[in-house]
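Here is a short report for a first look. Start with the sequence and the structure below.

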Amino acid sequence: MRILHKIHRTFKLHRIFIKQDLKKLMEYKIDFLTGAIGMLLTQAINIFFLSVIFARIPNLEGYSFEQIIFIYGFALLPKSIDHLFFDNLWAIGYFIIRKGDFDKYLTRPVSTLFAVTVEKFQVDAFGELFVGVLLLGYSVPKITLNISFLNVILFIISIIFATFIYTGVKLITSSIAFWTKRSGSIIYMFYMINEFAKYPTTIYNRALRAVITYIVPFAFTAFFPASYFITGGNPWYNIGGTVVMSVILMAVGIFVWNKGVSAYESAGS
Amino acid sequence: MIYVENLKKEFKKTIKEPGLKGSIKSFFKPKNEIITAVNDISFHVAKGEVLGFIGPNGAGKSTVIKMLTGILTPTSGRCEINGKIPYKNRKNYVKEIGVVFGQRTQLWWDLALRETYTVLKEIYEVDDESYKKRMAFLNEVLELEEFITSPVRTLSLGQRMRADIAASLLHSPKVLFLDEPTIGLDVVVKDNIRKAIKAINAEENTTVILTTHDLQDVENLCERIVMIDKGSKVFDGEISALKSKFGSSREMKFVPENPESVSALDYKKEFNLRDGDIAVEDDGYTYSVRFNSNKIGVEKLLNYTLSTIHVKDINVGDADIEEIIKGIYRSEVKLDA
């Protein structure tokens with residue numbers, strides 16, 4: 001009962017803030033549209049270049065254009081979901097700690113991490129989500145996929161855990177701000193590595209591959225799980241790896257966050 | 001209720017030499033310095049008491065409040081409130097306290113005030129019936145009705161402060177911490193806020209700890225004050241004790257007919273006084289003479305002044321807590337509390 005009550009409360013709080021952020025979206029229409037159009041343009045240019053490359057070569061490391069689009073679209077789903085729900089971690093790295101605004105989360109009887117993340121619902125992420133779904137919708141009918149009940153479940157699992165790989169990386173890097181007061185650039189540096197994850201890792205050299213597989217494991221947010229759905233091969237590594245990496249990153253992230261909270265020094269007022 | 005014993009907080013600060021060169025140097029070879037913000041402070045507060053916590057800027061008031069509210073972990077010493085230690089088991093502890101920082105709002109900038117309270121209701125798990133009752137009471141003392149549908153960002157400072165105080169009280173806390181609740185407010189709003197604090201204290205016997213620079217707040221609301229300076233406690237007691245102990249400091253104000261004639265006055269020489277016993281200040285029009293009434297009687301001072309120069313106006317002020325505290329801040333009055 002206690003746990004049900006907690007879940008109910010979490011959803012209720014989310015609902016209030018989501019409603020709020022959607023309302024804001026209506027209020028700042030131009031801002032939202034500009035952001036969304038810019039995002040769509042960026043993705044469109046990337047896709048355009050991919051199609052230019054594939055016009056010259058029939059396949060890339062054994063992957064067809066449609067398969068690459070599938071991986072690319074897959075990559076956008078966890079990225080946008082993390083963006084939607086956990087965007088406030090950027091603010092932790094950039095100003096919440098430096099300005100002492102973290103004080104208010106500490107005076108509330110809920111977990112600080114929950115209090116920080118619940119209050120922002122980043123509607124900009126809908127653009128990425130939209131493109132991701134579009135690309136999957138385009139590529140799925142054109143490649144041979146084994147669409148079974150099990151695979152649908154595995155797809156949902158891998159999206160959820162891949163999302164927490166993004167969140168975990170942001171959590172660890174933003175927590176550094178508890179000691180350094182500011183860690184925005186560190187979050188940015190690690191976060192941007194996700195750009196490599198949209199393509200088959202086999203196209204990179206070994207060092208880079210090792211980095212995106214084991215150190216900042218963004219390869220598990222897209223290429224590995226997507227390649228399971230494409231080839232049907234090695235589910236333990238491709239999907240299991242996503243789950244394991246996600247759990248490790250979140251555990252480390254929560255540990256560092258809690259250490260950081262007790263080292264928090266506030267700011268003069 | 002509240003026990004604070006030998007509380008101490010140190011911060012590590014990196015010393016930077018000026019300029020880019022200094023920044024680069026300190027990046028590679030940081031020099032650290034330990035700053036003691038709060039040094040060995042102890043005091044007790046009884047249930048239902050309103051305690052004024054005062055001291056000049058940078059004295060460490062906010063640091064103490066932040067330790068008592070669980071935001072900062074003390075370097076050493078202990079504090080216990082309602083039998084709980086703030087920085088341990090934080091979530092459980094903060095359910096029983098309310099906190100308002102006058103300098104920054106704790107509310108959500110874009111949320112309408114009504115929704116803000118809905119969020120807090122959920123966070124503090126207040127049931128529907130108590131919530132209704134509580135809102136009615138807070139509405140009455142803080143008059144929230146007129147702006148409850150507006151987003152927090154559109155509120156005036158006075159409205160925002162009332163909204164913040166209401167937010168801190170929604171869950172009927174046993175202890176209320178108010179860090180400068182009247183800062184930047186006009187006289188009328190200040191007065192309303194003081195009335196509200198009194199009403200809240202009376203209604204539920206809520207213990208209130210209040211920091212302020214406005215001594216009117218203290219005289220209006222508190223029976224007892226704790227004064228700190230440079231991180232250490234310098235006074236702890238009733239306001240009346242402060243007055244009778246240090247109330248010998250008084251002030252005479254006069255407006256001379258001819259400002260040049262004032263140079264004829266020399267109180268120190270006439271009454272054979274030391275520097276700390278008398279001080280004269282002027283704004284070019286009004287002259288104020290602060291003096292120690294134990295060393296020199298009011299009558300003598302008045303007689304001498306009036307027989308030496310002609311004045312348009314003269315009055316001798318009562319012992320004013322503000323004057324006493326000014327004296328203590330300037331370290332003119334020696335304390336042995």
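## Model and numbering

This is a predicted model, in which local features need pLDDT of at least 70 and side-chain atom pairs count only at pLDDT 80 or more, while totals for chains, interfaces and linings use all residues. Residues are numbered from 1 along each chain as its sequence is written, and chains are lettered from A and ligands numbered from 1 in the order in which they are written.

## Chain A

Chain A has 14 helices and zero strands. Helices (H or I, at least four residues) and strands (E, at least two) are DSSP runs, numbered from the N terminus. The C-alpha atoms of chain A fill a box of roughly 65 × 40 × 40 Å along the principal axes. Buried residues make up 39% of its 269 residues. Buried means that 20 or more other C-beta atoms, placed from the backbone, lie within 10 Å of the residue's own.

H3(A) covers residues 65-85. Of its 21 residues, 18 are buried, so the rest of the structure largely encloses H3(A).

The largest nonpolar core holds 126 residues. Such a core is a set of buried Ala, Val, Leu, Ile, Met, Phe, Trp, Tyr and Cys residues joined through C-beta atoms within 7 Å. A:Ile71, A:Ile165, B:Phe177 and B:Leu210 touch the most other members. H3(A) gives the most to this core, eleven residues.

## Where the chains meet

In all, 26 residues of chain B are in contact with 19 residues of chain A. Contact means C-beta atoms, placed from the backbone, within 7 Å. On the chain B side, H4(B) supplies the largest share, five residues.

Technical notes: Contact = placed C-beta atoms within 7 Å. Expected span 1.5 Å × (residues − 1). Buried ≥ 20, exposed ≤ 12 C-beta atoms within 10 Å, placed from the backbone.
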